[in-house]
Amino acid sequence: MSNEYTPPNVWVNNTNGGNKWANINSPESGARSDKVLPIGKHSLQLYSLGTPNGQKVTILLEELLALGIKEAEYDAYLINIGESDQFSSGFVDVNPNSKIPALLDKSADEDLNVFESASILVHLAEKFDQFLPKDGKARTQTFNWLFWAQGSAPFLGGGFGHFYAYADEKQEYPINRFAMEVKRQLDVLDKQLAKNTFIAGEEYSIADIAIWPWYGNLVLGNLYSAAEFLDVASYKNVMRWASEILARPAVQRGKMVNTTWGEPWEMLPERHSAADIDAVLALKP
């Protein structure tokens with residue numbers, strides 16, 4: 001191989017080149033700029049972006065509101081990761097790992113910062129006693145699949161998605177390596193959904209809410225333009241599940257929050273009330 005890479009004795013961060021997404025991160029954590037996060041009127045303050053990880057939280061919040069739980073009202077502020085908003089001092093105070101989403105729960109005497117999408121889902125599910133079984137086998141199965149998502153999605157996003165859609169050039173080895181893993185994961189889901197209506201059983205749960213934004217969007221053609229390449233139509237049970245989840249009004253509402261791309265009726269950079277979403281949905285022909 002003529003252009004084979006030989007690692008140096010000690011790794012050095014090389015930010016040469018114009019790939020915006022390859023140069024965002026650094027080997028050093030912490031704030032790079034001073035900026036105070038805005039605070040809205042609700043007890044729940046979300047700082048996020050409408051990526052799959054961000055969609056998990058806004059979908060759950062909209063599902064809770066659809067049940068009539070008024071305490072789940074929230075303000076959602078846009079964190080533009082392309083502009084390094086996640087490295088501001090205010091955001092780092094909420095999430096020292098500088099990744100979206102991040103939640104500030106101001107409902108108690110002392111503010112509580114919650115970060116990592118699975119942690120936020122569990123926090124909200126337990127806080128409002130919804131979408132997470134209280135005990136027994138059903139609870140364990142929900143956690144099994146919730147943490148499956150946390151361990152598996154990086155292979156889809158940071159692995160396959162990066163090399164297939166965002167790398168400077170398409171390279172056969174990494175694309176094939178991660179495509180194989182994503183298809184294996186889709187097969188795992190397909191076999192599970194052949195036996196169950198939802199991911200963890202017969203009840204819709206935070207497991208579905210965690211997995212759908214990544215794998216549901218993928219098979220519905222809304223992620224990386226890779227549906228044909230991965231032959232997603234062959235995973236019929238995943239396709240059925242993905243379409244059924246998308247049909248839920250709360251999912252349609254949640255997926256547009258903190259989104260700045262797509263059609264006008266699919267984008268809502270900030271959300272402060274249900275009326276904000278209603279106004280965007282009204283734009284749809």
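## Close-up views of a predicted chain

View 1. Residues are numbered from 1 along each chain as its sequence is written, and side-chain values use heavy atoms, with hydrogens and water left out. Along the principal axes, the C-alpha atoms fill a box of roughly 60 × 50 × 45 Å.

**View 2. The chain's 9 helices and 4 strands.** Reading from the N terminus, the order is β-α-β-α-β-β-α-α-α-α-α-α-α. Helices (H or I, at least four residues) and strands (E, at least two) are DSSP runs, numbered from the N terminus.

**View 3. Surface and interior of the chain.** Of the 285 residues, 46% count as buried. Here buried means under 20% relative accessible area, exposed means over 50%, and partly exposed is in between (1.4 Å probe, protein chains only). The chain exposes about 14700 Å², with carbon and sulfur atoms supplying 51% of it; areas come from the Shrake-Rupley method with a 1.4 Å probe, and for residues only the protein chains shown count as cover. Take the contacts between residues at least 6 apart in sequence: 65% of them join residues at least 24 apart. A contact means heavy atoms within 4.5 Å.

**View 4. The second largest pocket, with about 610 Å³ of space.** Its lining is made up of 14 residues, and Asn 3, Tyr 5, Phe 163, Glu 169 and Gln 171 lie nearest the centre. By type, the lining splits into 8 nonpolar, 3 polar and 3 charged residues. (Ala, Val, Leu, Ile, Met, Phe, Trp, Tyr, Cys and Pro count as nonpolar, Asp, Glu, Lys and Arg as charged, and the others, Gly among them, as polar.) On a 1 Å grid over the protein atoms alone, a pocket is an open set of points where a 1.4 Å probe fits, with protein on both sides within 12 Å along at least five of seven lines; lining residues have an atom within 4 Å of a point. Grid points are joined across faces, edges and corners, and the volume is the space filled by probe spheres set on the points.

**View 5. The cis peptide bond between Ile 100 and Pro 101.** Omega is about 0° here. Pro 101 sits in the loop between α2 (89–94) and β3 (102–105). Both Ile 100 and Pro 101 are touched by Asn 53, which also touches Ser 117 and Trp 214, not counting residues up to four places away in sequence. Asn 53 itself belongs to helix α1 (residues 52–66) and is partly exposed, at 23% relative accessible area. Val 36 is 17 residues from Asn 53 along the chain, yet their C-alpha atoms are separated by 23 Å.

View 6. Phe 131 is buried, with a relative accessible area of 14%, whereas Asp 231 is partly exposed at 41%.

**View 7. Thr 260 and its contacts.** Look for Thr 260 in the loop between α8 (249–254) and α9 (274–281). Setting aside residues up to four places away in sequence, Thr 260 touches Leu 78, Met 267 and Pro 269. Asn 80 is 180 residues away along the chain, but its C-alpha is 9.3 Å from that of Thr 260. With 41% relative accessibility, Thr 260 counts as partly exposed.

**View 8. Ile 39, in the segment before β1 (44–48).** Beyond its neighbours within four places in sequence, Ile 39 is in contact with Gln 45, Tyr 47, Tyr 77, Leu 104 and Lys 106. Of these, Leu 104 is 65 residues from Ile 39 in sequence and 9.4 Å away, C-alpha to C-alpha. Ile 39 is partly exposed, with a relative accessible area of 46%.

How values were computed
Predicted model: local features only at pLDDT ≥ 70, side-chain atom pairs only at ≥ 80, totals over all residues.
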